Every structure is written in structure tokens, then in C-alpha cells.
Amino acid sequence: MLAAGAGAAAYLTMSGMGSTSGYTARVAHLRVPLGSPAHFRDLVRFATLAPNGHNTQPWKFHVRDNVIRIHPDHSRRTPIVDPDDHHLFVSLGCAAENLSLASLARGRPGAISFDPADGGSLAFTPQAGPAISSALFDAIPRRQSTRAEYDGRQVSAADLRTLAAASSIPGVDLVLLTDWPRMERLRDLVVAGNSAQMADAAFMLELKSWLRFNPRQAFRTGDGLYSVASGSPALPDWLGPRAFDWLVTAQHENDKYARQIRSSSGIAVFVASREGPEHWAAVGQSCQRFALQATALGLKHAFINQPIEVAHLRPDLASLVGLPGRRPDIVIRFGYGPTLPYSPRRPVDAVITV
């Protein structure tokens, strides 16, 4: 009787978490090929496949007079880890780059511009023109932030040049670290930043609010950091936060980041020539082009932005990459690694405004 009761309880607990296959089907549906011609909604769907902090998806899309505008969704900002909305505007730049590449591939090339009015937004104005596909466009539905260990293989000099060329955006410098001494120093900054963040109760509370511990929870919200996508087991809604508090320690996470960086082929650091939303959005365009080119080359990548987010570490990072006095913007490790489950996205209707 007790065994039967335990079995029934376990079944109810597992069934309440949803199925991995159902979640995978939902994510695959969001990543189906772009139609031709591409409707506004389809272009937005591709734009939202861009990376963004904590997967909050802090954007709103609006079209009027043939101009697609991407506005910040301030209800989805993360004020503890991103108090000045730096990451938010980087995310908007990433989404705008996806939008531009997708529109170009369907015969509607256009330019991305920054509008400083009302706190800042990005505008994309498509025009009639030839349909030009690209390896970067093809990589949009396959790109993912892969938070796993890589296999340590080196990336060829030719591929490093291709990555640098693809991510070239005026006003944004890219520094590639592929030698272990500098990568080791970068690792130390990541560990120091992670230790500081995990000692901050407000940071941990904000982070935990965006964690999704099982397929049903990730499916229901359509946002957040799906723990299974980082290699963790699925847990019930009630258990996930408790297990996080019990098991996730600074030492555990520091050891994990150290292993992941050691397994990587290199690290990319993006630094804008100036600060402010317009320049942060340009960083987003640049780092998204890097991420898409990496995907096209068979590489994986993941963001390790702790030295950016912990302000007192930024000068050390700037010195490490040879740009003292500047504010570094984004740090990405890259290498050859596995494909993990994709992060969720909200329905297109939820991000379009009228």
C-alpha cells in the first residue's frame, strides 16, 4: 500500500512537470523556417530568437508607415543585475540584427537606426530589393546560448578571422582571447564577479524569479532561464526553488565556470567606443553577428558577463583586453560543444503592440 501510494505521488509529481517531448515540439514550432514572402509576424518571430538577459525578452514590436520599431519593455527589466538597462539595449540590438537579416533574406533590405525619443528605441525601415540569404540568416533558428563544457579544440586562424569580420560594426571593438594566460585572468574575473553576485541577496532573488525548473513551467511562462537547458534535471515547481537554495553555492558555480572556461576555445569581449543606449544597441548587433557566425561555423557560445555586471571589475577587464578607460560591454566564450534544449519564447502576439 505504501509503495503504491509513493508510486502514485511520484507519478503525479512527474506528470505535473510536463513532458520534455511536448516542450521540444513547442520550441521547434517557434523555429520553423521563415515564410516567403515573410509577414511582419514571422519577421518578429525570428527577431525574438535573439539572446537577452535572463531570457526576459524585454522588447515590444510595432509597425507603422512601413517602419518596424523595437521598444524596451520596461516591465521586463532586471534592475538588480542591469540597473542602467545596459543589457536591455544590447538585447534590442540583437533582436534588430535578426530582424534585418531575416528581412534581407526575403527581399526587404533596410537600415537599423536609433531613435533617442522616449528613452530610446530601434527602428528598421525595409525597402524593396533583392532577396539575399546568408549563413548568418540560416543560423538564426539554430543559435543557442550553450551553457555547457566544450571539448577544448582550437578554432582555426581562418575561422577566427571570419568571426571578427562578421561582427564588424562601426563603433564597436572586438577583442579575441585565445591564449590561456589571458583566458585564465578572465576566468578569475568571472569567478570574482560570480562570488560577489551570489553574496548579494537581491541579485539571487531576482535571478531565482526568472528560473524555470520544468517543461510545463517554461511552456506556461514562455520566458526565463529553463534549467534543463543548462543540463540540470527537471524539478517540480515547489521543489525547484528549494533545491536551488540548497544545492547552488558560490563554490559550486565558480568551479563550474572555471571548467567551462578551461574547455572553451576562446573568449570574445565587445567594447563600444562610447556609453549609452545607442552604443549598447550597436554592441548587440555586433555580438549577435558573432554568435550567428559562430553557429554557422559549428561553434557553440555562452555569455559570461559577471565582470561586466559587477562594476568594480570592469576596469580590470578593460585593462586585460588592452582598452583601459573604456567600459567593456559583453563577454562570450566559444568552442565546440553539444546542443542542449532551446530556451522558450513568448508567443509573437505577446510582443506586438498596436
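A cavity, on a 1 Å grid over the protein atoms alone, is a set of points where a 1.4 Å probe fits but cannot get out, whereas a pocket is an open set with protein on both sides within 12 Å along at least five of seven lines; lining residues have an atom within 4 Å of a point. Grid points are joined across faces, edges and corners, and a volume is the space filled by probe spheres set on the points.

Colleagues, the model before you is predicted: local features need pLDDT of at least 70, side-chain atom pairs count only at pLDDT 80 or more, and totals for chains, interfaces and linings use all residues. Residues are numbered from 1 along each chain as its sequence is written, and side-chain values use heavy atoms, with hydrogens and water left out.

The structure holds 2 cavities of 30 Å³ or more. The largest cavity contains about 50 Å³ of space. Its lining consists of Val 81, Asp 82, Pro 83, Asp 84, His 86, His 87, Ile 308, Glu 309, Arg 314 and Arg 327. In class terms, this lining has 3 nonpolar, 2 polar and 5 charged residues. Here Ala, Val, Leu, Ile, Met, Phe, Trp, Tyr, Cys and Pro count as nonpolar, Asp, Glu, Lys and Arg as charged, and the others, Gly among them, as polar. Helix H4 (86-105) and helix H13 (306-309) each supply at least two residues of the lining of the largest cavity. Helices (H or I, at least four residues) and strands (E, at least two) are DSSP runs, numbered from the N terminus.

The second largest cavity holds about 30 Å³ of space. Around it are Tyr 23, Arg 26, Val 27, Leu 30, Ala 218, Phe 219, Gly 222, Pro 344 and Arg 345. Which helix gives the largest share of this lining? That helix is H2, with 4 residues. Both H2 (20-30) and H9 (215-221) supply at least two residues. The lining of the second largest cavity comprises 6 nonpolar, 1 polar and 2 charged residues.

Turning to open spaces, the second largest pocket has about 220 Å³ of space. Lining this pocket are Gly 152, Gln 154, Val 155, Leu 160, Thr 178, Trp 180, Met 183, Arg 262, Ser 264, Ser 265 and Phe 334. Of these lining residues, 5 are nonpolar, 5 polar and 1 charged.

I now come to helix packing. Two packed helices are described by the angle between their axes and the distance between the axes. Axes are lines fitted to C-alpha atoms, for helices over the stretch in contact, and angles run from 0 to 180 degrees between N-to-C directions.

Helix H7 (residues 180-198) packs on helix H11 (residues 250-262) at an angle of about 155 degrees, the axes being 9 Å apart. H7 is therefore roughly antiparallel to H11; angles under 35 degrees count as roughly parallel, over 145 as roughly antiparallel, 65 to 115 as roughly perpendicular and the rest as oblique. The contact (heavy atoms within 4.5 Å) includes Trp 180, Met 183 and Arg 187 of H7, and Ile 261 and Arg 262 of H11. Its residues divide into 9 nonpolar, 3 polar and 3 charged. Trp 180, Met 183 and Arg 262 also belong to the lining of the second largest pocket.

Among the contact residues are His 86, Phe 89 and Val 90 of H4, and Trp 280, Val 283 and Leu 292 of H12. This contact has 10 nonpolar, 6 polar and 2 charged residues.

Leu 43, Phe 46 and Ala 47 of H3 touch Ala 95, Asn 98, Leu 99, Ala 102 and Ser 103 of H4. There are 6 nonpolar and 2 polar residues in this contact, and no charged ones.

Finally, two backbone details. Ser 36 and Pro 37 are joined by a cis peptide bond, with omega about 0 degrees, and Pro 37 is in the loop between H2 and H3. Gln 57, a residue other than glycine, has a positive phi near 55 degrees; it lies in the loop between H3 and strand S1 (59-64).
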